[in-house]
Amino acid sequence: MSAEDHATQTVERLLEVLDLDSTQARTTEDIFTGSSHPMPSGRIYGGQVLAQALLAAERTLPEDRAVHSMHGYFLRPGDASHGLTISVDRIHDGRSFSTRRAQAYQNGVPIFSMIASFQDADPGVEHAASMPEGIPAPETLAPDEDRVSGLPEGTVRMLSERAADIRHLDSPLYLPSGDTRTPQQAVWMRLRAPLPDDQRLHRAALAYLSDMTIQESILRAHGVYWALPGLKVASLDHAMWWHRPARVDEWLLYVQESPNARGGRGLATGRIFTRDGVLVASVAQEIMIRVPDDQG
């Protein structure tokens with residue numbers, strides 16, 4: 001299989017996961033069902049359920065009313081070998097804004113709960129943070145899967161078969177890094193093949209990508225890496241604000257930092273820029289992190 005065909009196949013698999021079914025069942029809520037990516041850990045990738053919940057909520061709204069913010073909580077680990085059900089509660093519809101609550105269920109219990117707000121296009125005051133200077137171009141960096149020799153074959157295969165092309169500016173944190181301990185990092189990211197011209201899909205895919213790597217500013221501050229024996233990490237919540245339209249099949253810079261870690265929790269924040277420096281989204285996530293006694 002050619003590299004181009006492989007890239008297309010990985011993105012087609014993502015689109016299949018994001019293509020929710022409507023059950024046509026509705027009491028006070030709209031009901032959708034979806035499937036999951038297989039994962040080596042057996043747990044559903046958090047960004048997947050973020051994107052699915054967002055798409056389910058948007059299915060209950062006019063196309064020109066776009067999401068501008070969401071706040072979600074990861075309640076239980078999801079089982080990637082089983083499907084999930086998403087319910088959407090139409091909390092409010094106003095003249096300019098709508099609010100939706102979406103919950104993802106497996107085995108009758110919620111695994112994720114989200115509230116999101118949507119708005120019609122509206123003029124107003126405008127400013128935005130600038131992209132950091134001196135960032136190397138993504139073409140000068142190798143994909144992560146080419147920089148992780150020494151990892152188990154299954155992990156390398158997972159990186160090469162994911163729909164996203166991720167390129168760390170510093171060493172990827174899958175193995176011990178010689179980089180300076182700092183609560184900051186940046187990555188270039190994009191989907192490996194083009195998506196349809198549907199901004200709803202691009203917004204959902206951006207949510208999907210936003211959960212990748214953001215935890216690493218916390219890990220990097222303490223010299224911790226994903227394969228560290230005894231490391232336990234779990235996402236607790238995730239917030240995201242969409243500022244401007246963007247295509248996720250074009251390069252985006254994800255600049256991340258961690259302002260705080262304490263009590264077995266760490267907070268990470270991120271800003272996502274287009275290649276030409278336009279701020280398109282902001283992200284925040286808190287995680288549970290437990291490291292071995294001799295680390296950190």
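1. H202 is placed in helix α4, where helices are DSSP runs of H or I of at least four residues and strands are runs of E of at least two, numbered from the N terminus. With a relative accessible area of 2%, H202 is buried, a word that here means under 20% relative accessible area, while exposed means over 50% and partly exposed covers what lies in between (1.4 Å probe, protein chains only). A polar atom of the H202 side chain lies 3.2 Å from the backbone nitrogen of V248. Apart from neighbours within four places in sequence, H202 is in contact with L195, P196, A246, R247, V248 and D249, contact meaning heavy atoms within 4.5 Å.

2. On the basis of these points: this is a predicted model, in which local features need pLDDT of at least 70 and side-chain atom pairs count only at pLDDT 80 or more, whereas totals for chains, interfaces and linings use all residues. Residues are numbered from 1 along each chain as its sequence is written, and side-chain values use heavy atoms, with hydrogens and water left out.

3. R203 also deserves a comment, since R203 lies in helix α4, which spans residues 199–210, and is buried with a relative accessible area of 11%. The side chain of R203 makes a polar contact with the side chain of E58 at 3.3 Å; a polar contact is a pair of N or O atoms within 3.5 Å, and within protein one must be able to donate a hydrogen and the other to accept it, with residues adjacent in sequence counting only if both atoms are side-chain atoms. Not counting residues up to four places away in sequence, R203 touches L54, E58, A66, V67 and W242.

4. What is the arrangement of α2 and α4 relative to each other? The axes of helix α2 (residues 46–58) and α4 come within 7 Å and cross at roughly 155°, the axes being lines fitted to C-alpha atoms, for helices over the stretch in contact, with angles from 0 to 180 degrees between N-to-C directions. The two helices are therefore roughly antiparallel to each other, given that angles under 35 degrees count as roughly parallel, over 145 as roughly antiparallel, 65 to 115 as roughly perpendicular and the rest as oblique. The crossing of α2 and α4 is right-handed, that is, the near helix is turned clockwise from the far one by less than a right angle, anticlockwise being left-handed. On the α2 side the contact is made by G47, Q48, L50, A51, L54, L55 and E58, and on the α4 side by R200, R203, A204, A207, Y208 and S210. These residues divide into seven nonpolar, three polar and three charged, where Ala, Val, Leu, Ile, Met, Phe, Trp, Tyr, Cys and Pro count as nonpolar, Asp, Glu, Lys and Arg as charged, and the others, Gly among them, as polar.

5. The loop between α4 and α5 (216–221) holds T213, which counts as buried at 6% relative accessibility. I214 lies in the loop between α4 and α5 and, at 0% relative accessibility, counts as buried. Leaving aside neighbours within four places in sequence, I214 is in contact with Y254, Q256, A268, T269, G270, V283 and Q285.

6. Most residues other than glycine have a negative phi. T213, however, has a positive phi near 80° and is not a glycine, and N107, also not a glycine, has a positive phi of about 55°. N107 lies in the loop between β5 (97–106) and β6 and is exposed, with a relative accessible area of 78%.

7. E126 is found in the loop between β6 (109–120) and α3 (153–161) and counts as exposed at 65% relative accessibility. The side chain of E126 makes a polar contact with the side chain of R244 at 3.3 Å. Although E126 and F112 are 14 residues apart in sequence, they are 33 Å apart in space, C-alpha to C-alpha.

8. S81 belongs to the loop between β3 and β4 (84–93) and counts as exposed at 58% relative accessibility. The S81 side chain makes polar contacts with the side chain of D79 at 2.7 Å and with the side chain of H82 at 3.0 Å. S81 and H37 are 44 residues apart along the chain, and their C-alpha atoms are separated by 8.1 Å.
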